[in-house]
Amino acid sequence: MSVSVRINQLTVILLSVHLIPTNPVAEQMSLGKSRKRVNPVLHTDPPAPDPIRDTHKYCNYPNLTEHGWEGHSPADYRLLSVHLMIRHGDRFPLYSIPKTKKPAIDCILSEKRKPSHPLLASFISHMALSGRGHWDTSLGSLPRLPNHSTCEMGELTQTGVVQHLKNGDHLRQAYIKRHNLLTADWSPQQLWVETTGKSRTLQSGLAFLFGFLPHFDWSRLTVKLQWSTLFCGSSCECPARNRYLDKEQHRQYRQRTADTELERTYVAMAKTLGVATKNLRAANPVDALLCHFCHSLPFPCSSTQTTSNALDEGACLTLQHFAVIRRQQKNDELERREAGLYRRYAVLAAHPYLNRTATRMERIARGSQTRKGKEEAVFALASAHDVTMAPLLSALGLEGVGFPKFAARLVFELWNSPEVKDKDRKSDRKRGKWLENMFIRVLYNGEDLTFDTAFCRDHNRHSAQPLCPLGNFLSFVRKDMFNIVNATSYQQACHQIVL
């Protein structure tokens, strides 16, 4: 079976586990440094599960103030590079519920409509000049802006654009103003941008860059296509990954069919709308319901024909229906972690992206010792989907953070320390001096989770060096992450027999 078809099945996994399904996957092709504690450890008792509260977090309302730890470091550390993956912003549903009206959302951008952003008007005008940019051929036909008065399926909304203008502006403060990572005369070689072949990821990436870059210049911008939502490039062929996916799908099916409350809820929803239960499930109602919820729109109602041939609103779906589906999804996330099948899938799904990130970091770290580091991209952006970010988080051992919200951001920072005095790091010295002073931080939506990752949980965060050694990350990506599938390399893991 082809890679395209097999990866395509990933959507099935997310229909019942997560908040929102994604489109099937094979795409056509001047502040000083903070001296505060870099890795705050905040431990509080988790609140009782609340599917509605969790959904509010998932919506990621752009009018809320958000603070992040990006760019914070001990004194005298130097930021060498940043590698960022974003999930696209808020979008129109990919599925419609039978016999209901679609959400009434306008996808033509307007700075006069909320939510807005100080950069929105200039962003709209700059996108009209996109012909000056450089694009992989398959991206040339995609619109640079959402452009329908009634949103089309999967189209980025104004909320989604504003989410990433805000993200870009936030990281510009963190990396450009604080660390001067890119100057106004940045060169094309310093920036790497890649996206899948969907307008919502391309437009999200452009919105982010417009907020982030010290000077947005189309002539210096090149956008590359990743044909797969796994961002696996030339390393997508992995039979074992597909077999773990099959097993996880079967586990999900068994869990879902055993949930009697969920079954009763689907039956009640179908009866309310006057459709067959199986047709309602196939329409994946949570996708459309989530859009209504995030945009504060009434939940959909059935359309009934009156004797006057006018359409009246009939019975409506309710927040209680929605809460039951969300509750089942949260329960399934917990069971998924315990079963471990998804984690095995995730390791093989995420490795190609992690390996390219590790390789780029290593080149920059080596080059910084010989002043060749400027030849590498010091800022790399991957504009992706939930089905890209979810396995990446799982592979890193960060499954507890939940499913990626709209406009989620995952950051890998590379740091250079002035010197090393920690006697516990003799093993790094054996690898070469270039690695000795190199460290990595991992942040998710602004929270420093470095010491929650699988590769740095055992590191002594109270040592002379409060960051995680880059060597830990390189060893993890190139060997240690395959321990969970009893292998020592990606190729071995991909082609072994899965029982």
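This is a predicted model: local features need pLDDT of at least 70, side-chain atom pairs count only at pLDDT 80 or more; totals for chains, interfaces and linings use all residues.
Biologist: Why is helix α3 called roughly perpendicular to α11?

Modeller: The axes of α3 (residues 51-59) and α11 (residues 319-339) cross at roughly 85°. Angles of 65 to 115 degrees count as roughly perpendicular, so α3 is roughly perpendicular to α11. The two axes come within 9 Å.

Biologist: Which residues of α3 and α11 meet?

Modeller: From α3 they are Pro51, Ile52, Asp54 and Thr55. On the α11 side they are Leu319, Phe322, Ala323, Arg326, Arg327 and Lys330. Sorted by class, this contact has 5 nonpolar, 1 polar and 4 charged residues.

Biologist: What makes you say that the charged end of Arg220 sits over the ring of Trp186?

Modeller: The charged end of Arg220 is 4.6 Å from the centre of the Trp186 ring. The cut-off for the distance is 6 Å, and the charge must also be within 35 degrees of the ring normal. Arg220 is listed as sitting over the ring of Trp186. Arg336 is listed likewise over the ring of Tyr342, with its charged end 4.2 Å from the ring centre.

Biologist: Which residues form an aromatic cluster?

Modeller: Phe123, Trp135, Phe210, Phe216 and Trp218 form one. The structure holds 15 aromatic pairs, and rings pair if their centres lie within 6.5 Å.

Biologist: What makes helix α13 mostly covered?

Modeller: In α13 (residues 386-395), 10 of 10 residues are buried. Among them are Asp386, Thr388, Met389, Pro391 and Ser394. After α13 comes Gly397, with a positive phi near 85°.

Biologist: Why is Lys99 called exposed?

Modeller: Its relative accessibility is 53%, and exposed means over 50%. Lys99 therefore counts as exposed. The residue lies in the loop between β1 and α4, and its phi is near 65°, positive in a residue other than glycine.

Biologist: How do you know whether Ser296 is buried or exposed?

Modeller: Ser296 has a relative accessible area of 66%, to be set against the cut-off of 50%. Ser296 is therefore exposed. Its place is in the loop between α10 (285-294) and β5 (301-305). Phi of Ser296 is near 55°, again a positive value in a residue other than glycine.

Biologist: Where is the cis peptide bond, and what is its omega?

Modeller: Lys114 and Pro115 are joined by it, with omega about -5°. Pro115 is in the loop between β1 (78-87) and α4 (120-127).

Biologist: Why is Phe451 called buried?

Modeller: Buried means under 20% relative accessible area. Phe451 has 6%, so it is buried. Phe451 lies in the loop between β10 (447-448) and β11 (468-469). Its C-alpha atom is separated by 7.6 Å from that of Arg461, 10 residues apart along the chain.

Biologist: What makes Val442 count as buried?

Modeller: Val442 is at 0% relative accessibility, against a cut-off of 20%. Val442 therefore counts as buried. The residue is found in strand β9 (residues 438-444). Not counting residues up to four places away in sequence, Val442 touches residues including Leu398, Leu410, Phe412, Leu449 and Phe455. The C-alpha atoms of Val442 and Leu410 are separated by 7.4 Å, and the two residues are 32 apart along the chain.

Terms used: Residues are numbered from 1 along each chain as its sequence is written. Side-chain values use heavy atoms; hydrogens and water are left out. Axes are lines fitted to C-alpha atoms, for helices over the stretch in contact, and angles run from 0 to 180 degrees between N-to-C directions. Helices (H or I, at least four residues) and strands (E, at least two) are DSSP runs, numbered from the N terminus. Angles under 35 degrees count as roughly parallel, over 145 as roughly antiparallel, 65 to 115 as roughly perpendicular and the rest as oblique. Contact means heavy atoms within 4.5 Å. Ala, Val, Leu, Ile, Met, Phe, Trp, Tyr, Cys and Pro count as nonpolar, Asp, Glu, Lys and Arg as charged, and the others, Gly among them, as polar. Rings of Phe, Tyr and Trp (its six-membered ring) pair if their centres lie within 6.5 Å; planes under 30 degrees apart count as stacked, over 60 as edge-to-face and the rest as tilted. Buried means under 20% relative accessible area, exposed over 50%, partly exposed in between (1.4 Å probe, protein chains only).
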